[in-house]
Amino acid sequence: MKRSSLPPEDRRKRWLAIGSIVIFILLSAVVAWFVGRPMLRFVDQPDRFRQWVDSHGLWGGLAFVGMMVVQVVVAIIPGEPLEIGAGYAFGFWKGTLLCLIAIAIGSALVFLLVRKFGTMLVEVFFSREKIQSLRFLHQSRKRDILIFLILFIPGTPKDLLSYFAGLTDIPLGRWLLIATVARIPSVVTSTVGGNAIGEENYLFAILVFAGTLAISGLGLLIYNRLSRRKDHSKE
């Protein structure tokens, strides 16, 4: 049986990394089941959600930021219901601000975790094929602009890109600026719709969500064509 050629110190580091990834997977599964599911059900009942927020004052806002940070880190939890809930419970301006703060904190955590553990961590949530679909960004001289555009356009795989960014050499500060500013449009459409529901302006909310859905479909189409074109250009 062939023994590993790695020095003992490197073997320990490798096993430590593997053990950390396993723990992260288990914790993510636990959070998704015991926190993510009840959290989404809570937001699905907007009247109760608003009452809960109103009764907790400042702590309600801090708790919501914590919920959003969990959503960014545990990528299998969808973010749109929470953003809509923020618009409903806090109103447009405060809801948008809380969402952006949470996105910045969550994006920093994801970035640092991926920098620490590499591709193994990204593959906890995304297949190797999905990771490879973004490989054209490594070679592009306009990488940062492309990352901004992908995050800016509704319908593109933002959670995947959040994890992928840690695999590049982009500085943390620049990544946080891009990740926060570029996601303003998608957050705004959700909080505007949620605020409209809170004000019982249902027709406007329907128009906002229908328009967002149409733009998201177009954005996904543009992203798919862009990634395929880049792949063909490398062949």
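Visitor: What percentage of the residues in the protein are buried?
Guide: Buried residues account for 42% of the 235 residues, where buried means under 20% relative accessible area, exposed over 50%, and partly exposed in between (1.4 Å probe, protein chains only). This is a predicted model, in which local features need pLDDT of at least 70 and side-chain atom pairs count only at pLDDT 80 or more, while totals for chains, interfaces and linings use all residues. Residues are numbered from 1 along each chain as its sequence is written, and side-chain values use heavy atoms, with hydrogens and water left out.

Visitor: How many helices and strands does the secondary structure have?
Guide: There are 12 helices and zero strands; helices (H or I, at least four residues) and strands (E, at least two) are DSSP runs, numbered from the N terminus.

Visitor: Which helix holds Ile101, and how accessible is Ile101?
Guide: Ile101 lies in helix α4, residues 92-117. Its relative accessibility is 36%, so Ile101 counts as partly exposed.

Visitor: At what angle do α4 and α9 pack?
Guide: The angle between α4 and helix α9 (residues 158-165) is about 50°, and their axes are 7 Å apart. Axes are lines fitted to C-alpha atoms, for helices over the stretch in contact, and angles run from 0 to 180 degrees between N-to-C directions. The two helices α4 and α9 are therefore oblique to each other: angles under 35 degrees count as roughly parallel, over 145 as roughly antiparallel, 65 to 115 as roughly perpendicular and the rest as oblique.

Visitor: Which residues meet there?
Guide: Val110, Phe111, Val114 and Arg115 of α4 meet Ser162, Tyr163 and Ala165 of α9, a contact being heavy atoms within 4.5 Å.
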